[in-house]
Amino acid sequence: MNKRSTGPIAALPLLGLLALLAGGDVLAASARTNYLQYCSGCHRPTGEGKAPNVPTLHGELGRMVAVPAMRSYLFRVPGAAHTPLSDAELVAVVNWVLMEFNKETLPEKFQPITAEEAARWRQDILADPLRYREEHWGAYDWK
Amino acid sequence: MRLERVIDHTCYWVDANARRMTLALARRISRRSFLSRLGMMMAGVASLPLLPVARSFAQNPIQEIGDPQSCDYWRYCAMSGTLCSCCGGSQTSCPPGAERSPITWVGTCRNPVDDRDYLMSYNDCCGKAVCARCSCHNTEGDKPVYFNSNSNTVLWCFGTENTSYHCTVSLVLGAADE
């Protein structure tokens, strides 16, 4: 997991998109690369996870962002909150996951999450994510 | 008797038409023209695999050097475990009887041939007793076990039928600068 991977030249084509997603911050690696490096080990490179222990990132997240309590949930689960990424990098990854894997279920007027929101939410790590989910969304299906 | 006459008539009709068409073709096209077109077609078909379209489907675009059975091999920069390549498998496939874990540890390694960093997925092969040969422990990007998602010392046999560790393979997920 070394950090020497991405030079500024390689990041140039993505700068516009990333700057938009990350509220103006310039990122060292693309959201896709950070997803592969920090998330794909468990959620798998194409995001389908491994039920029941690793939830899929397809479909349900797009519906979650329409509910304020669940929009913050995506940053308060321990895996996201503890990841060794900056707020700007983390929000770029989550917005990328939403647009890449949840196109069909995203609200029509989806506003990408900002780095300020992510910074605020990830401080407030959920001690019991399953219970929070049950109260604000619905119980996780362990089948 | 009548049937024989019908067959005769049909054969005559086919013969006559074939003769007429052959003569018409012979008047319009020279033998050299036919041969040159046939030659061009054969050369065209033979050169099809050389076109970029055909080459883009070629396997293994990454150029590599080194010995996959050695711990110094570039793909193993963040490897911790035993090498499947010397336990009856290869650097990318589990030995027979072992199941590849879908849950993995991901790191990056620099390929000395093109000097680019690649995202590596270290998948444990599980379901058999540990292979005691070719132990390999490299620590590039490794974190202590209290950061367990970033620790390559953790056994990653999750999501498999049997959680006993056998050996580890190293798959390239893609270039880190894309």
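Predicted model: local features only at pLDDT ≥ 70, side-chain atom pairs only at ≥ 80, totals over all residues.
Residues are numbered from 1 along each chain as its sequence is written, and chains are lettered from A, and ligands numbered from 1, in the order in which they are written.

Chain A has nine helices and zero strands. Helices (H or I, at least four residues) and strands (E, at least two) are DSSP runs, numbered from the N terminus. Buried residues make up 34% of the 143 residues in chain A. A residue is buried if 20 or more other C-beta atoms, placed from the backbone, lie within 10 Å of its own. Chain A averages a pLDDT of 84, and 81% of its residues score at least 70. Confidence in chain A is lowest in helix H1 (residues 8-21), at a mean of 38, and highest in H7(A), at 97. Over residues 1-25 of chain A, pLDDT stays under 50.

Chain B contains three helices and six strands. Along the sequence, chain B reads α-α-α-β-β-β-β-β-β. The radius of gyration of chain B (taken over C-alpha atoms) is 31 Å, well over the 16 Å that the globule rule (2.2 Å times the number of residues to the power 0.38) gives for 178 residues, so chain B is more spread out than a compact globule. Its C-alpha atoms fill a box of roughly 95 × 45 × 25 Å, taken along the principal axes. Buried residues make up 28% of chain B.

At the interface, 20 residues of chain B are in contact (C-beta atoms, placed from the backbone, within 7 Å) with 21 residues of chain A. Strands S3 (105-111), S4 (116-126) and S6 (165-175) of chain B each supply at least two residues of the side that touches chain A. The largest share of that side, four residues, comes from S3(B).

Leaving aside neighbours within four places in sequence, A:Val93 is in contact with A:Ala31, A:Asn34, A:Tyr35, A:Cys39 and A:Leu85.

Key. Contact = placed C-beta atoms within 7 Å. Buried ≥ 20, exposed ≤ 12 C-beta atoms within 10 Å, placed from the backbone. pLDDT = per-residue confidence, 0-100.
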